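Please read it with the structure open beside the text.

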Amino acid sequence: MKTPVRPVVAFAAFLGCVLTGWTECPAPAGGWKSRAIALSAPKPNEIARFNAFVTNTLAPAGVDTIVLLTHYRYQFASHPECAASNALSRTDVKAIRAACDAGKVRLIPKMNLFGHQHATEQGRGSILGPHPEFSETRGQTNAAKEALCICAKSDAARKIVVDLMLELAEACDAKNVHIGCDEVMDIGVCELCRATPHDRLYADWVNGVARDLKAK
């Protein structure tokens, strides 16, 4: 049996633990291999404030990795219909990258490439807003709106999310990405998927996305 490709996962720590050495979060034997934090991407008018936080707070505290929760808030050229209205420009992302480089902080962009596919506003900020045909529930309303999921057997959907992730990674000049495949609530629902075990659907989607990204 082939070993599945594993997406990169950063060592996470709460900001309080990172900055204060919280006594309830002791370092392991040999010390931390990495000090990382997951942060939501700033809005375009917050870039200077975000970069000052990186420069003046995170880097001096020894944080060496930021997982940037970007979702669809980037001005994608490949599929502009998926971008959120408050999306970051390439110039914005390059400014964030420059601040991280100056502080010797690795930047890992994150997008949710399976679950969490709700649109943020008027159908924008997701793949399922402009492409409802890729929804696992095919337009049905899920009680947990943010749990909407991409059909695991849709090669066309996988191509789009890989295009988007590659474009964001290139803008960030990133060697690692976070594909955010948590909370996949709607799986094995549609006529294409319901005959396949859920674990197989999940593994095939994650490995397929990882394979396509690694090929680039």
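**Notes on the predicted model**

1. Aromatic pairs. The model contains 3 aromatic pairs, a pair being two rings of Phe, Tyr or Trp (for Trp, its six-membered ring) whose centres lie within 6.5 Å, called stacked when the planes are under 30 degrees apart, edge-to-face when over 60 and tilted for the rest. Tyr 74 and Phe 76 form an edge-to-face pair, because their ring centres are 5.3 Å apart and their planes stand at 75 degrees. Tyr 74 is buried at 3% relative accessibility, and Phe 76 is buried with a relative accessible area of 3%; buried here means under 20% relative accessible area, exposed means over 50%, and partly exposed lies in between (1.4 Å probe, protein chains only).

2. Basis of the values. This is a predicted model, in which local features need pLDDT of at least 70 and side-chain atom pairs count only at pLDDT 80 or more, whereas totals for chains, interfaces and linings use all residues. Residues are numbered from 1 along each chain as its sequence is written, and side-chain values use heavy atoms, with hydrogens and water left out.

3. Overall layout. The chain has 5 helices and 3 strands, taken as DSSP runs numbered from the N terminus (helices: H or I, at least four residues; strands: E, at least two). Along the sequence these elements follow the pattern α-β-α-β-α-β-α-α. Of the 216 residues, 47% count as buried. Contact means heavy atoms within 4.5 Å, and among the contacts between residues at least 6 apart in sequence, 75% join residues at least 24 apart. The chain exposes about 11,300 Å², with carbon and sulfur atoms supplying 55% of that area, as computed by the Shrake-Rupley method with a 1.4 Å probe, where for residues only the protein chains shown count as cover.

4. The nonpolar core. The largest nonpolar core has 55 residues, and those with the most contacts inside it are Ile 66, Phe 114, Ile 127 and Trp 205. Such a core is a set of buried Ala, Val, Leu, Ile, Met, Phe, Trp, Tyr and Cys residues joined through side-chain atoms within 4.5 Å. Strand E1 (36-40), helix H2 (47-58), strand E2 (65-69), helix H3 (90-102), H4 and H5 are the elements that give two or more residues to this core, and the largest share, 10 residues, comes from H4.

5. Phe 114 and Trp 205. What does Phe 114 touch, if residues up to four places away in sequence are not counted? The list is Leu 148, Cys 149, Ile 150, Ala 152, Gly 180, Cys 181, Val 184, Ile 187, Tyr 202 and Trp 205. Both Phe 114 and Trp 205 are buried, and ring pairs link Phe 114, Tyr 202 and Trp 205 into a cluster.

6. Phe 134 and Ser 154. Phe 134 lies in the loop between strand E3 (106-110) and helix H4 (155-172), and Phe 134 is buried, with a relative accessible area of 10%. Leaving aside its neighbours within four places in sequence, Phe 134 has contacts that include Ile 127, Leu 128, Cys 149 and Ser 154. Ser 154 is placed in the loop between E3 and H4, and Ser 154 counts as buried at 11% relative accessibility. The side chain of Ser 154 reaches the backbone nitrogen of Ala 157 at 3.1 Å, a polar contact being a pair of N or O atoms within 3.5 Å in which, within protein, one must be able to donate a hydrogen and the other to accept it, and residues adjacent in sequence count only if both atoms are side-chain atoms. Not counting residues up to four places away, Ser 154 touches Phe 134 and Trp 205.

7. Cysteines. A search of the whole structure finds 0 disulfides, defined as pairs of cysteine sulfur atoms within 2.5 Å. Cys 149 is in no disulfide, and the nearest cysteine sulfur, that of Cys 193, is 8.2 Å away. Cys 193 is also in no disulfide, its nearest cysteine sulfur being that of Cys 190 at 3.6 Å. Cys 149 counts as buried at 1% relative accessibility, and Cys 193 is buried with a relative accessible area of 0%.

8. His 198. This residue lies in helix H5. Is His 198 buried or partly exposed? His 198 is partly exposed, because its relative accessible area is 44%. Leaving out residues up to four places away in sequence, His 198 touches Ile 187 and Gly 188.
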